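Welcome to a short tour. Open your viewer, get the selection tool ready, and follow along one stop at a time.

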Amino acid sequence: MEQKKHGFSSKVGVVLAAAGSAVGLGNIWKFPYVTGENGGGAFLIVYLICVLMFGLPLLMTEFVIGKKAGKSAYGAFRELSGTNRWQWLSWCCIITVYLIMGFYFVVTGWCTNYLYEAIMGSYAGLDADGMMAHFQSTVSSAPRMIGVGIIPILLTAGVLWFGVNEGIERLSKVLMPLLLLMMLLMAGRVLMLDGSSEGMRFMFQIDFSKITPEVVMMAAGQCFFSLSVGVGMLITYGAYMPNSQNVTMTSLQVIVLDTMVAVLAGIIIFPAVFAFGFNPAEGPELVFVVLPAVLQKMSFAWLSGVLFFLLLFVAALTSTISLMEVAVASLCEVSRHRLSRHQSVLIVTAIVTVLMVACVLSETLFAGSDMLVTQILMPLGALGMSLFVGWYMPIKKKDLMPQGQTPLKRRLRPVLMFSLRWIVPIAILLIFLNGLGVFDAVRG
Ligand code: PHE
């Protein structure tokens with residue numbers, strides 16, 4: 001079997017790297033605050049439906065595209081279609097990836113800052129109000145935020161400089177299980193706090209009247225973001241997959257792991273929010289004020305704080321690595337390999353640093369790029385890919401599962417094709433039209 005360039009050394013490596021990309025700040029920072037702002041249980045149920053309806057088919061789609069084309073998001077559509085007609089989709093992916101990196105590195109910078117503070121004991125002893133004031137004064141210092149934002153950029157660039165294989169695999173293998181374990185311990189501690197049951201009710205009690213079109217839109221966007229689909233990330237990893245890899249199993253594993261971490265984050269945050277008297281609809285700062293408060297209640301508070309923020313930082317890094325990998329691999333292909341991988345890493349690092357600084361300096365840019373990415377660009381990318389595979393380049397049976405035939409496997413392909421041709425595109429279009437206010441006009 002031909003050895004693909006920068007290939008992963010094992011199948012487990014691909015699962016871990018893709019899961020490492022999926023599991024990140026989207027699960028631990030974004031999921032709780034978006035759930036808090038959009039009605040708790042009502043949001044959760046719509047989110048889970050989106051994961052099944054969009055997540056699984058789209059993950060498989062991206063993997064298959066990458067695996068067949070053996071190219072990154074930039075070259076894959078041209079390679080498979082033999083025309084330039086789908087190039088807009090490649091550019092959509094690449095622009096999205098840069099926009100995500102701009103604000104993602106800012107929040108990874110917040111993690112860096114809290115890791116440092118956990119080590120120094122800076123927030124020890126603060127009460128709920130104190131935590132809030134502390135967060136606000138920390139993030140309002142632009143020079144400090146730029147400093148802590150540059151650290152993860154340099155680390156990510158460092159990992160890419162030394163290649164996919166050694167960097168990503170080694171990191172993911174050890175730390176993902178550790179993160180899950182740490183979160184389980186935290187959830188256990190939080191559930192022992194007085195008043196925590198109200199948080200569980202907030203998260204799991206479904207009030208159907210709260211399911212509005214906006215909630216559906218936010219849930220769909222969050223699903224794309226959290227699973228890293230719609231930006232060609234998994235196309236790039238699919239290109240590194242060993243040929244014998246089972247795309248369906250890999251996708252399922254990534255989805256289960258990602259959803260588990262998000263729900264677990266909710267089980268830590270919401271009971272604590274109610275126990276400490278915070279507001280669940282606090283917004284982006286929610287996790288950064290609640291988690292330090294929780295960590296102070298743990299036994300071995302200092303050690304728990306340091307360990308948790310270290311793991312969060314690494315979870316964020318495995319996501320930034322995947323994002324920067326898309327940008328680097330694409331830049332190499334855009335330049336027709338006139339730029340070496342190392343040169344591409346340097347150029348991407350410079351661009352991303354500028355974007356990160358811009359997002360630190362302008363809150364509008366920070367919130368705006370987040371919104372633009374999750375509400376418009378990622379759904380658009382996903383729509384394009386489902387149409388591409390659904391109508392243009394139908395998936396063959398052997399693309400999905402390499403060996404053997406069982407009744408289940410035989411049935412999988414038609415279901416997947418139907419969902420890529422009809423369900424996914426129509427659902428995304430409806431969500432878009434609703435966002436544009438078309439249905440409001442109809443409702444009068
Ligand atoms: N899925 C990542 C997270 O949840 C973010 C991400 C999006 C990473 C798109 C890569 C591509 O944090």
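This is a predicted model, so keep that in mind as you look around.

Now show both helices whole, H3 as residues 41-69 and H4 as residues 73-81. Their axes lie 9 Å apart and cross at an angle of about 70 degrees. Because of that angle, H3 counts as roughly perpendicular to H4.

For the next stop, turn to the surface. Select Leu387, Trp391, Tyr392, Phe418, Trp422, Ile423, Ile426, Leu430, Leu433, Leu436 and Val438, which form a nonpolar patch with about 1000 Å² of accessible area together.

Which elements give two or more residues to this patch? Colour helix H16 (363-392) and helix H18 (407-435) to see them. H18 gives the most, with 6 residues. To finish, click on Phe418, a patch member that lies in H18.

Terms used. Residues are numbered from 1 along each chain as its sequence is written. This is a predicted model: local features need pLDDT of at least 70, side-chain atom pairs count only at pLDDT 80 or more; totals for chains, interfaces and linings use all residues. Side-chain values use heavy atoms; hydrogens and water are left out. Axes are lines fitted to C-alpha atoms, for helices over the stretch in contact, and angles run from 0 to 180 degrees between N-to-C directions. Helices (H or I, at least four residues) and strands (E, at least two) are DSSP runs, numbered from the N terminus. Angles under 35 degrees count as roughly parallel, over 145 as roughly antiparallel, 65 to 115 as roughly perpendicular and the rest as oblique. Patches are made of residues with over 30% relative accessible area and no salt bridge: like charges are joined within 9 Å, nonpolar side chains (Val, Leu, Ile, Met, Phe, Trp, Tyr) within 5 Å. Accessible areas come from the Shrake-Rupley method with a 1.4 Å probe; for residues, only the protein chains shown count as cover. A salt bridge is a side-chain nitrogen of Lys or Arg within 4 Å of a carboxyl oxygen of Asp or Glu.
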